[in-house]
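Thanks for coming, everyone. Please look at the fold on the screen while I go through a few of its features.

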Amino acid sequence: MSDGEPLVRWAWIGDHLGELADYTGVHLRLGLLPVLFGLIISVPLGILCHRWRWLYAPVLTVANILYSIPSLALFMIFVKYTGLTERTVMIPLTLYTLSVLVPNVVDGLASVPEPVRQAATALGFGPVRRVVQVELPIAVPVVIAGVRVAAVSSISLVAVGQLIGQGGLGYYITRGLQLDFPTPIVTAIVLIMLLALTTDALLVLAQRLLTPWSRSKVTAT
């Protein structure tokens, strides 16, 4: 990059809109599917940890150990088994979400007032029905708070996957570095930030829709 060259060439962006849209879609898929898979794993695991508290410490320890492993190292481990595919990126990202989602599920269930549980039991709710229809809905705000953190983190980490050829918008970061051309780098960073912000905003909206009683409390005050 020469001294007089602009940081962003808008003509380049205009010429690559279709390609940018394709890579943005790939990036979104690689970032959000691990969060969905992590939630599918974390909800039942969190329910078990809340029911049998002795299980929580070892589960959380394993999740935190996995989270402490650098993403590139995990990618290299899984390459041997899943090759240079999207699964090699999504599996580690799914494992990373557990250290956030499992504690939030447990904390969310712990936030349910005991009188509410007793009232549900008195109405004839069995353990499974009580968890699904009473406790989990009340735990939604705490769980979604964890999903927001996991989603933003996952979207940002996808770019590292470009080191194995599966990084979504990370392609433009490495390409720009190779060509000493800042436009694709800046464009990719801005798009990743917009994806993270948009996803976070949509999750906040989802929380409001799933917990109408919380809006009623705010209105009442």
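The crossing of α2 and α7 is right-handed, a term used when the near helix is turned clockwise from the far one by less than a right angle. This is a predicted model, in which local features need pLDDT of at least 70 and side-chain atom pairs count only at pLDDT 80 or more, while totals for chains, interfaces and linings use all residues. Residues are numbered from 1 along each chain as its sequence is written, and side-chain values use heavy atoms, with hydrogens and water left out.

Staying with this pair, the axes of helix α2, residues 17-51, and α7 come within 10 Å and cross at roughly 145°, where axes are lines fitted to C-alpha atoms over the stretch in contact and angles run from 0 to 180 degrees between N-to-C directions.

How many cavities of 30 Å³ or more does a search of the whole structure find? The search finds one, and the volume of the largest cavity is about 60 Å³. By cavity I mean a set of points, on a 1 Å grid over the protein atoms alone, where a 1.4 Å probe fits but cannot get out, and lining residues have an atom within 4 Å of a point. The lining includes Y67, L93, Y96 and S154, and the elements giving two or more residues to it are α5 (86-110) and α7 (127-157). Six of the lining residues are nonpolar, three are polar and none is charged.

Turning to the whole chain, there are 10 helices and zero strands, taken as DSSP runs of H or I over at least four residues, or of E over at least two. The C-alpha atoms fill a box of roughly 75 × 45 × 25 Å along the principal axes.

Finally, an unreviewed UniProt entry places "transmembrane region" at spans including 26-48 and 90-110, although such annotations may be inferred rather than shown by experiment. Residues 26-48 are 100% helix, with end C-alpha atoms 34 Å apart.

How values were computed
1 Å grid on protein atoms, 1.4 Å probe; cavity = no way out; pocket = protein on both sides within 12 Å on 5 of 7 lines; lining within 4 Å. Points joined across faces, edges and corners; volume = space filled by probe spheres on them. Nonpolar A, V, L, I, M, F, W, Y, C, P; charged D, E, K, R; others polar.
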